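Me: I would like a close look at a single part of this model, with its surroundings. Please keep the answer plain and give the cut-offs for any term you use.

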Amino acid sequence: MENCNSLRELSFHCTLRTSDNPSVLLVTAHPDDEVMFFAPLIWELIQLGASIFLLCLSIGDYDGLGHLRREEFYRAAPLLGLNASMISIVEDPALQDGWGKWDSNAVLRHVSALGESLSISAVITFDDHGVSGHPNHIAVYEALYSKTIK
């Protein structure tokens with residue numbers, strides 16, 4: 001593994017370089033996060049030969065438009081190079097779009113279930129600021145970071 005000094009390099013570059021067929025799970029909080037914050041990363045990972053799976057942890061129903069946001073999520077996937085079998089969206093009462101803190105166990109339950117079923121090589125999500133400071137984004141980071149990185 002060359003030049004894998006930081007955690008980010010280790011979880012991203014080195015995993016991809018050492019895996020014959022890397023599979024990456026991208027975990028987002030709301031429909032549109034994948035487009036607004038991760039589209040260039042998704043395209044780059046596909047170019048590197050990775051299989052990308054996308055898990056969205058809510059339908060984004062804060063304004064009562066979850067049904068539309070879910071539809072947009074599924075319509076955006078092919079534009080990102082993903083087919084329907086590579087994306088999943090969750091409707092869980094513990095993970096509702098809003099300004100409250102999400103339960104870490106609920107986040108981990110969904111991520112673990114999908115990650116194990118797909119034999120995921122790496123999981124990618126928001127940074128500790130949630131990219132935009134949104135509490136749901138930060139909760140995803142904290143749930144994954146606190147359970148997987150010591």
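What relative accessible area does Tyr-74 have, and does that make this residue exposed or only partly exposed?

Reply: The model is predicted, so local features need pLDDT of at least 70 and side-chain atom pairs count only at pLDDT 80 or more, while totals for chains, interfaces and linings use all residues. Residues are numbered from 1 along each chain as its sequence is written, and side-chain values use heavy atoms, with hydrogens and water left out.

Tyr-74 has a relative accessible area of 36% and is therefore partly exposed; buried means under 20%, exposed over 50%, and partly exposed in between, with a 1.4 Å probe and protein chains only. Tyr-74 belongs to helix H3, which covers residues 66-76. Helices (H or I, at least four residues) and strands (E, at least two) are DSSP runs numbered from the N terminus. Leaving aside neighbours within four places in sequence, Tyr-74 is in contact with Ile-87 and Ile-89, where contact means heavy atoms within 4.5 Å.

Arg-69 pairs with Asp-32, with 3.0 Å between the closest N and O atoms. Arg-69 is buried at a relative accessible area of 18%, whereas Asp-32 counts as partly exposed at 29%.

Arg-69 has a salt bridge with Asp-97 as well, at 3.2 Å from N to O. Here H3 is linked to the loop between E3 and H4, across 28 residues. Asp-97 counts as buried at 15% relative accessibility, and Arg-69 is buried too.

Arg-70 pairs with Glu-91, and their closest N and O atoms are 2.6 Å apart. Arg-70 is partly exposed, with a relative accessible area of 26%, and Glu-91 is exposed at 56%. Through shared partners, salt bridges join Asp-32, Arg-69 and Asp-97 into one network.

The Asp-97 side chain makes a polar contact with the side chain of Arg-69 at 3.2 Å, and reaches the backbone nitrogen of Tyr-62 at 3.5 Å. A polar contact is a pair of N or O atoms within 3.5 Å; within protein, one must be able to donate a hydrogen and the other to accept it, and residues adjacent in sequence count only if both atoms are side-chain atoms. Beyond four places in sequence, the contacts of Asp-97 include His-30, Ser-58, Gly-60, Trp-102, His-134 and Asn-136.

Trp-102 leads on to the nonpolar core. Such a core is a set of buried Ala, Val, Leu, Ile, Met, Phe, Trp, Tyr and Cys residues joined through side-chain atoms within 4.5 Å. The largest one has 40 residues, of which Leu-25, Leu-57, Leu-82, Trp-102 and Val-140 touch the most other members. Elements giving two or more residues to this core are strands E1 (23-28), E2 (51-56), E3 and E4 (122-124), along with H2, H4 and helix H6 (135-148). Outside four places in sequence, Val-140 is in contact with Trp-102, Leu-57 and Val-107, among others.

Just after H2, Gly-49 takes a positive phi of about 95°. In H4, the buried residues are Ala-106, Val-107, Leu-108, Val-111, Leu-114 and Gly-115. Just after H4, Ser-119 has a positive phi of about 50°.

Definitions and conventions
A salt bridge is a side-chain nitrogen of Lys or Arg within 4 Å of a carboxyl oxygen of Asp or Glu.
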